Amino acid sequence: SKPGRLSKEEYEIIKQHSVEGEKIVSPIDPEIAEIIRAHHEWFNGEGYPDHLSGEEIPLCARIISVADVFDALTTDRPYRRAFSIDKAIKMIKERKGTQFDPSVVDVFLSIPIEEIKNALKNANITEISEKYMS
């Protein structure tokens, strides 16, 4: 909730959330812990914390990565207003193959925009994920 951008040092601390999340969840569910750790890895290997790439990244983490970024882009932040859904989709398309797994982006893009808008309005993400990810 800090107004304005994070400093480089603050960002390095924030980046530890995936490792800390893994530590918290690991005793309960090691598979989910692995997904939490990897959800900021980039398809091209430039993510964090382990610089995994491609299929080294668990599939669920690659899916969550797209969903997490879409949520971040379409949500107001202290340092910027939310982007429109259309702009967020464009930004995700632009990162296909670099930040995001192309096949995951393709599935995301196959969801009609009206369904995305309705899911966001009704907070019914489960309905969409069951329809498109099964």
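Asn44 sits in the loop that links helix H3 (30-38) to helix H4 (59-73); helices are DSSP runs of H or I with at least four residues, strands are E runs of at least two, and both are numbered from the N terminus. Keep in mind that this is a predicted model, where local features need pLDDT of at least 70, side-chain atom pairs count only at pLDDT 80 or more, and totals for chains, interfaces and linings use all residues. Residues are numbered from 1 along each chain as its sequence is written, and side-chain values use heavy atoms, with hydrogens and water left out.

**Exercise 1. Work out how many helices and strands the chain has.**

Step 1: count the elements, and you get eight helices and zero strands.
Step 2: read along the sequence, and the pattern comes out as α-α-α-α-α-α-α-α.

**Exercise 2. Decide whether Asn44 is buried, partly exposed or exposed, and find what Asn44 touches.**

Step 1: take the cut-offs, where buried means under 20% relative accessible area, exposed over 50%, and partly exposed in between (1.4 Å probe, protein chains only).
Step 2: Asn44 has 32% relative accessibility, so Asn44 counts as partly exposed.
Step 3: look for contacts (heavy atoms within 4.5 Å). Not counting residues up to four places away in sequence, Asn44 touches Ser53, Gly97 and Thr98.
Step 4: check Gln99 too; Asn44 and Gln99 are 55 residues apart in sequence, yet their C-alpha atoms are 6.3 Å apart in space.

**Exercise 3. Find which residues of H3 are buried, and what they pack against.**

Step 1: the buried residues in H3 are Ala33, Ile35 and Ala38.
Step 2: these buried residues pack against helix H2 (17-25) and H4.
Step 3: now go to the start of H3, where a side-chain oxygen of Asp29 comes within 3.1 Å of the backbone nitrogen of Glu31.

Notes:
Polar contact = N/O pair within 3.5 Å; in protein donor to acceptor, adjacent residues only side chain to side chain.
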